[in-house]
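I opened this notebook to keep track of what I looked up, one topic at a time. The entries below follow the order in which I worked.

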Amino acid sequence: MDLLDHLPVLVVIMPLMSAPLCVLFDRARPAWLVSMSASWLSFAAAVYLLIQVSRDGTISYRLGGWAPPWGIEYRIDLLGAYVLLIVTAIAALVMVFARRSLEKEIPADRIARVYAALLLVFAGLTGITATGDAFNVFVFLEISSLASYAVISMGRDRRALSAAFQYLVMGTIGATFILIGIGLLYMMTGTLNMLDLAARLPEVADTRTVRAGFAFLTVGIGLKLALFPLHLWLPNAYAYAPSAVTAFLSATATKVAVYALLRFMFGVFGAEFSLNKMPFDLILMVLGLAGILSASLVAVFQEDVKRMLAYSSVAQIGYMVLGISLASNTGVSAAILHVFNHALMKGALFLAVGALAYRIGAVTVSSIAGLGRRMPWTVAALVVGGLSLIGVPPTAGFVSKWYLVLGTLEQDLWPVALLVLIGSLLALAYVWKLVEAAYFAEPAADAAAVREAPLSMLIPVWALVIANLYFGVNTQVSVGVARQATDLLMGGGG
Amino acid sequence: MLDAWPALPLFLGALLAAVTRGQLRATVMIAAPLLGAYGVFQLEPGTTTQFELLGYALTPVRVDSLSILFGYLFHLAALIGVVYALHVKDPLQDVAALAYAGSAVGAVFAGDLLTLFVYWELLAVTSAILVFARRTELALSAGMRYLVIQVGSGVLLLAGAILYAVNTGSLAFDHIGLDAPGGWLIFLAFGIKSAFPMLHGWLTDAYPEATPTGTVFLSAFTTKVAIYSLARGFAGTELLVYIGALMTCFPIFYAVIENDLRRVLAYSLINQLGFMVVGIGIGTELALNGAVAHAFNDVIFKGLLMMSMGAVLHVTGEMRGSELGGLYKKMPRTTILCMVGAASISAFPLFSGFVSKSMVVSAAIQEGHPIVWLMLLFASAGVFHHAGIKIPFFAFFAHESKHVANAHEPPTNMLIAMTMAAVLCIGVGSFPGLLYGLLPYDTGYSPYDVSHVLAQLQLLAFSALAFTWLKLAHIYPPELKSVNLDAEWLYRRVLPEAVRRLLAKLAPFDRALRQLGKSMVQRALLGLARHHGEYGVLAQTWPTGSMVTWVAALLGLSLLLYYL
């Protein structure tokens, strides 16, 4: 076996092993270099994996050479490779951005530890995506969660600590639920390998234990993906974490949770059980719609831009959940597509906000007044990201909204389609608030000294902005992979 | 590349004209129509480009002999217009003019209704800019009215196209006919742009208000695109014969009493359009050939007349016939060029109008429309009257006006442009085979036989006699400084007044209704803010315990639902 065969595990190992290196160096510059190389290497590995998977089909990797179901299996199918690509790409870009941003927001002696924690989060997220073992999912979930509690608490706002603590409590409950769920399944089937689980579950599907396991798993994952009304930890955590961390978490963490949900729903329990026997689609649809409308409305009234975007994330998760709840090929592929596109737009938006924060400190609607002329590139990025959020063609956001609406209309759920459009309208309202402040409001007296953000921050921001536009026009890759992944997922097994 | 999109050079030229200055821009402006014409020359009839959009086949470019003829015509007109406007240092006009010409070219090569609609609206916007570019109060309001009507025509076209597409499953722009679903809407859209009677107000309203150079472009493109569209979609529609006949006649009365000489030309434009519409309505090969050929010639000679009047306006700043006169002493070349145009529009033998108009007139009698034939004869005499005699007479001869003292020949580029047009007028008139070769049908028609020439000369001679006699007997309506009321008066005065009165009556109800609506919206917003506002229930930071309650609630609910 040469090195390339080990890629499925290397994607996870590289960041995991780099984290202690950062702590050992304990200085900002070397830690940054380590993180950069780890994340870019992982990105390269993910690109290679996606190409390999779409060419040769699902990759199964036996950890330590033990054959499943006894050993731990890493299993990368098309969907997994797709999500891995998103996570690693965002990580790579955020690392470029993080150097200047963290220098500004974190005391110098702690920066290395932020990188270490960030790498651990990253390793956990890739691990959840790559593994084919249910218990392994829980382990990596805990790795990423614990690291993210730590990294959120390092925000410069004092409220970061309490936000992190709340997240810790909630996240731990979520993780516990997931563990309980997995435990119940193990009890009934005696296996932890997902494929094996999928094969054995149908025999025992009618037992209360399995149903309870399903309930615990879905609620636990729902907590992790900030499903309305379990989203309450999210706004503060995003708002007070360091900017680079917020950008990374918002673009990846909830996405991976969506991935885990899809994996358990379709890959382990199977569509038949999750959607036909259990009324899970109904729960998802109601909560998804409530999330879209309520969180968007809250976002409209927010003054703090990071909080506004955090609430908008909750709404966007509503779109993904809604797509899944349609239980049709179009709906699920719209959800997967939105995972991809939302990573692009929220990544771009939070990075742009981070660039603003680098120059002006706290980013509120009134503090960005008149900055359209002072920081034209940053604000323009904010606007394009916002347009994508609303779903204006030719941005990526339009494509996923389009498929989502198509999915609802396929099933004649036109009231739902209408609500989705109302959600877009609300997005327009809060994005317009930003545009109005940045371009039409009189600048504050001290705004004259504000300069454009440094190039090392603008490059990752604009890389994402251009990706937003590119994937809005050329939908071949994003839609194509999402469709194929859906077919694989809905076709059973996975 | 050029055969993929014939309008490309003109649009590219418009883009380049926006960023270049001075000599360079002049070069770009001249090169664009030349390159475009070369592109048309390269086109092979029968080639199309197609792609699929939302299940409908779109044909952005469709090439046949009809579109090629109009392609040449529009590039020619653009070239003449550009040369005529070379002395103008206004990037806005240059860009708008080239984009306008480009839209016209795009429209005649459009093979489906959706593409046509896009260019249709582009025509509206770009041409309105040429009106606005005069930058006077009058031009601004005339331009606004113009734009509303033009865009409205586009909306009708789109509505018709959608109806058509939904019912027939095709967007192809071929023969449509009035019986087709949406046919009437499309017909009306074309009718507005071809200045059907009562729909013509925009033309006589806006064209005379545009810049001296802008009017030359305006008179060439918009109405000819409409004529092309009618010929393509509604050839042989009998209704058009009567509409056209009416169009040839009614403007004559307005033209005779109108004082603004460019407005006289605008009326005579409608009159010429009438001939084309009749030709399309008759719909035989000869008639269609005549209509198309007349469109071709009209662009050239109407352009020439517009240019000569533009030159007068440029030199004197005056366009009212009552204030002009005697300019032949200072502007002899312009005078001669203007008279070539006048001879052409009046259809003197050996001038271009003769070889095309006679086709339509002959077709009318051949196909058994004697009354229409008589109307066309009357109109021909009338044309000679107001465009052939009145225009040159009042501008260059008549009484000696105060402008003569300061008058001089216009800039060289204007003279060159006019000469180009004049040469074409005489060339086509003397060697009609050149034009006939380009026409869509081969009818073997010859204009120069005894009966045609004799009939036309008689007509002209008696018309001239009438003018002379009326003038000498002082019966001819004197050129008064007056404003004439036309159809546009309906929407400039009557309609606004009626609406204003109605609104005054409705105002109290309206106010109460709005008050009610406002207070309801306000109450709703307050309610929303209470829940979702910054410190609203849903936006607060919750205590951890409450969050956990939600988790428990959801778990309980899930378990309950799953166990049932």
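**Entry 1: a glycine after a helix.** I began at B:G283, which takes a positive phi of about 80° just after α11(B). Here helices are DSSP runs of H or I with at least four residues, strands are runs of E with at least two, and both are numbered from the N terminus. I noted that this is a predicted model, in which local features need pLDDT of at least 70 and side-chain atom pairs count only at pLDDT 80 or more, while totals for chains, interfaces and linings use all residues. Residues are numbered from 1 along each chain as its sequence is written, and chains are lettered from A and ligands numbered from 1 in the order in which they are written.

Entry 2: I then looked up helix α11 of chain B, residues 261-282, whose 22 residues reach 32 Å from the first C-alpha to the last, close to the 32 Å expected at 1.5 Å a residue; the expected span is 1.5 Å times one less than the number of residues. I found α11(B) mostly covered, with 22 of its 22 residues buried. A residue is buried if 20 or more other C-beta atoms, placed from the backbone, lie within 10 Å of its own, exposed if 12 or fewer, and partly exposed in between.

Entry 3: Next I checked helix α14 of chain B, residues 352-366, where 15 residues reach 22 Å from the first C-alpha to the last, close to the 21 Å expected. Because 12 of its 15 residues are buried, α14(B) is largely enclosed by the rest of the structure. The buried residues include B:F354, B:K357 and B:M359. Just after α14(B), B:G368 takes a positive phi of about 75°.

**Entry 4: chain B as a whole.** I recorded 20 helices and 2 strands for chain B, and buried residues make up 52% of its 564 residues. Is B:H200 buried or exposed? B:H200, in the loop between α7 (183-193) and α8 (201-206) of chain B, is buried, with 25 other C-beta atoms within 10 Å. I also found that B:H200 and B:D486 are 286 residues apart in sequence and 9.3 Å apart in space, C-alpha to C-alpha.

**Entry 5: where the chains meet.** I looked up the interface and found 21 residues of chain B in contact with 26 residues of chain A, where contact requires C-beta atoms, placed from the backbone, to lie within 7 Å. On the side of chain B that touches chain A, α19 (488-532) and α20 (544-563) of chain B each supply at least two residues, and the largest share, 12 residues, comes from α20(B).

**Entry 6: two helix pairs in chain A.** The axes of α1 (residues 7-25) and α2 (residues 28-56) of chain A come within 9 Å and cross at roughly 175°; axes are lines fitted to C-alpha atoms, for helices over the stretch in contact, and angles run from 0 to 180 degrees between N-to-C directions. α1(A) and α2(A) are therefore roughly antiparallel to each other. Angles under 35 degrees count as roughly parallel, over 145 as roughly antiparallel, 65 to 115 as roughly perpendicular and the rest as oblique.

Methods. Contact = placed C-beta atoms within 7 Å.
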